Amino acid sequence: MDNYIEAVKNKLKEEGFKLTPQRRSIVDIMLKSKGQHLNSEEIYDLVKKQCPEIGLATVYRTLQLLDDIGAVSKLNLDDGCCRYELNINDESHNHHHLICKKCNKIMEVEEDLLETLEEEIEKNYGFKIFDHDVKFFGLCDDCK
Ligand SMILES: [Zn+2]
Ligand SMILES: [Zn+2]
Ligand SMILES: [Zn+2]
């Protein structure tokens, strides 16, 4: 995953920013917690172990910056907080999430399945679609 850190470093540089040790720790945490969809506070708690002097505001700002340069994606899963996940593949389109209403587990859907729906909408409404953002709420296999 050194490639990812290199890529983040280069993107920051292009925008006139540096990969400071604090920013680097946040990137490290994002890598280590891949697939966990942590929220800002959870990321802060983990980063604090590496950088005890870091403030929550710095973590917020850094996550926003990483989102701006496309290194992470901000997720709004309607659970009252901002979650982030790695954006490794440089894909403009994020995968979809399944959210369990009972245990709050977040799962990822590998297939997209919505291309046909987009085509139908474009045809029926004469609307040019750039992207979509879909969340599925329900009960996971353990909570059913
Ligand atoms: Zn569940
Ligand atoms: Zn995800
Ligand atoms: Zn999709």
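Mentor: Let us begin with Asp-28 and Arg-24, which both lie in helix α2 (residues 21-32), four residues apart, about one turn of the helix. Helices (H or I, at least four residues) and strands (E, at least two) are DSSP runs, numbered from the N terminus. This is a predicted model, in which local features need pLDDT of at least 70 and side-chain atom pairs count only at pLDDT 80 or more, while totals for chains, interfaces and linings use all residues. Residues are numbered from 1 along each chain as its sequence is written, chains are lettered from A and ligands numbered from 1 in the order in which they are written, and side-chain values use heavy atoms, with hydrogens and water left out.

Trainee: How far apart are the closest N and O atoms of Asp-28 and Arg-24?

Mentor: A salt bridge is a side-chain nitrogen of Lys or Arg within 4 Å of a carboxyl oxygen of Asp or Glu. Asp-28 and Arg-24 form such a salt bridge, and their closest N and O atoms are apart by 3.7 Å.

Trainee: Which domains does the domain assignment give?

Mentor: Domain bounds come from an automatic or database domain assignment. For this protein chain, which has five helices and five strands, the assignment gives domain 1 (1-86) and domain 2 (96-143).

Trainee: What area is buried between domain 1 and domain 2?

Mentor: The C-alpha centres of the two domains lie 25 Å apart, and eight residues of domain 1 are in contact (heavy atoms within 4.5 Å) with six residues of domain 2. His-37, Leu-77 and Asp-78 supply 69% of the area that domain 1 buries against domain 2. Buried area is the accessible area (1.4 Å probe) that two parts lose on being put together, summed over both. Carbon and sulfur atoms give 57% of the area buried here, which is about 600 Å².

Trainee: Which residue forms a salt bridge with Asp-78?

Mentor: The structure holds eight salt bridges, and the count between domain 1 and domain 2 is one. Asp-78 has its closest N and O atoms 3.4 Å apart from its salt-bridge partner, Lys-135.

Trainee: Why does the second largest pocket lie between the two domains?

Mentor: On a 1 Å grid over the protein atoms alone, a cavity is a set of points where a 1.4 Å probe fits but cannot get out, and a pocket is an open set with protein on both sides within 12 Å along at least five of seven lines; lining residues have an atom within 4 Å of a point. Grid points are joined across faces, edges and corners, and a volume is the space filled by probe spheres set on the points. The second largest pocket has a volume of about 210 Å³, and of its 15 lining residues the closest to its centre are Lys-74, Leu-75, Asn-94, His-132 and Asp-133. The pocket lies between the domains because its lining takes residues from both domain 1 (1-86) and domain 2 (96-143).

Trainee: Which element gives the largest share of the lining of the second largest pocket?

Mentor: Two strands, β1 (72-76) and β3 (96-100), each supply at least two residues of this lining. The largest share, three residues, comes from β1.
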